[in-house]
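The structure under discussion is shown next.

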Amino acid sequence: MVGTNTTTRLRIGTIEEVRQKGVLVVAGPYCPIAVFYHEGRIFAVDNRCPHMGFPLHKGTVQDGILTCPWHHARFDLSCGGTFDLWADDVPAFPVEVEGDEVFVLVPPLDSQSVRSHWQRRLREGMEHGLDLVIAKAVIHLWHAGGNFRDLVRIGAELGTRYRNSWASGMTILTAMANLVPLLPPEEAMRALFHGLSHVAGDIQGQVPRRERQPLEGSTASLAQLKRWLRHWTLVRHRDGAERCLLTALANKASPSEIADLLFTAATDRPFADGGHLVDFCNKAMEMLDWVGWEWAGEVLPTLTTQLISSRGGEESSAWRYPVDLVTMVREAEERLPEWLHEGRKRRAEGRPSMPVPQLSHALLSDEPDSILQALAEATCSGMLPTDLSKALCYAAALRIARFGQSNELGDWVTVLHTFSYCNAVHQTLKRFGSDAPKEVVRAVWHGAMAVYLDRFLNIPPEPLPEEKGSDDLPTEAQELRQAILATCDVTGQDVTVAALTNRYLQQGHPVAPLLATLAHCVLREDADFHTYQMLEAGVRQFLEWGNSPEGRHILVATARYIAAHAPTQRATEQTFRIAWRLHRGEALYEEA
């Protein structure tokens, strides 16, 4: 709907005509307007109930309260303010009486006023857990021409204000924000709605977080703060860890210096919290990339609960028996500085390093000694830390692509945790480039051992699509995308969806529509936390490789995981569709 750039003065009729009718409906420049006569006064409001669009002229007015007859939302007729927060305020318009003639003044649609209103409604919707309000706010703010970062910022603001620790909703919101630039508008709005809705779910019933302060006047060096943070993390002292982090921020540490502090402490325990700790730390840094580093003092302290409470591989029997992987990794960490030094020398001499796919396949060995030796050789050959992590991500993706059908459904989460961790390590190392600290690079070794431990989930291995053939599949792009959507409507079709995805890529069709289709397969569902992780990590790792054999395998893994966790009830999609149809002016009540 498009309004005018100036205030419109609408003639309604005479006072007597309005009084006799009780309510008149007239067409406004961008909405229908209901004009009421009540207790000797005349009022004008948008005729559409802001809740679900029902015509308000069919409602009742008593003692100045207008009640919508469909869901009984109630409004102050004089200003349009709602008594029911789930309904939203209805726009009210000034009325002028000139002689016995009645006029309504309809102001133009002002983008700034629209944004201010819907930003307020987004906060209220999130604080009260009202998904329909959140969906409507996202859609209106998107179309009001604002920057989607503003929506993410509101989510970050509330997600840190009402939580004492980083929660899954913040991870989902950050993951969806990472995908927004890759998606068409409707899917981008869905992605933001899902992220903000999950943050809203996390903060329900929570009290405002107790803020801690930096060590006022501290002259501790960055190196000293780093030692302290590692110590407080290992002895599980939350206040000490948080104050060290806040002190580094107060002393103007750069984002890369903060990343060094944070990820060093997070990787002191190998594969802590099943990989979630490093993933959460990475997502918090990515959140700050979107909302601005001025929010670091609010966002980063929420990580300290997980930082001090997470259990590492050294506390897991799988990492200790029958092979003591922790001791093997610690020995490798001792030698890592010399391997990194040798690699830098090789790069300076211009000598070629080990090919990345070669390392990936070496990381799938059944022998941990062979895996660690391959990593050492690759590092010494001059392979960049980001190439080490890229190889690691591909190896972890192959574990998913070859996930055995004899496994239980819950086993998918095990390989997902490893892949999500490896993606987080890769994204973190990209922040440092070729000079990543050894304490961060060692996370590749931890991830490699996690990939090794997942080997039993490939027994027997599921063949990759090209190993089985796909002559009976469609070849046209649209037909393949529609087949992916239709097949995800049926349980247990992950192998078929993987084959369709592979077929699409082999045909050389444009990648963007396929990514949007896979995103829709998630965003139309009531997806769980891990499915959002898989979608985002899979897409980002595919983009690292492009439409190469390795890239195709990564997207095959992504498609398999998504399809294995669909369909669901899709209540979230119903809410979004209602909000979307209301924004387009569709009459929902005509189908009721």
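The structure, a predicted model, holds 10 aromatic pairs (ring centres of Phe, Tyr and Trp, the last by its six-membered ring, within 6.5 Å; planes under 30 degrees apart are stacked, over 60 edge-to-face, the rest tilted). Local features need pLDDT of at least 70 and side-chain atom pairs pLDDT 80 or more, while totals for chains, interfaces and linings use all residues. Residues are numbered from 1 along each chain as its sequence is written, and side-chain values use heavy atoms, without hydrogens and water.

**Aromatic pairs**
- Phe-271 and Trp-319 are stacked, because their ring centres are 6.1 Å apart and their planes meet at 25°.
- Phe-271 lies in the loop between helices H9 (255-266) and H10 (276-291), and Trp-319, 48 residues away, in helix H13 (residues 317-320) (helices are DSSP runs of H or I, at least four residues, and strands runs of E, at least two, numbered from the N terminus).
- Both residues of this pair, Phe-271 and Trp-319, are buried (under 20% relative accessible area, 1.4 Å probe, protein chains only; exposed is over 50%, partly exposed in between).
- Phe-271, Trp-319 and Tyr-421 form one aromatic cluster.
- Tyr-394 and Trp-545 form a tilted pair, at 5.4 Å centre to centre and 50° between planes.
- Tyr-394 is in helix H17 (residues 385-401) and Trp-545 in helix H24 (residues 529-545), so the pair ties together parts 151 residues apart in sequence.

**Charges over rings**
- Lys-390 lies over the face of Trp-545, 4.5 Å from the ring centre (NZ of Lys or CZ of Arg within 6 Å of the centre and within 35 degrees of the ring normal).
- The charged end of Arg-455 sits over the Tyr-452 ring, 4.0 Å from its centre.
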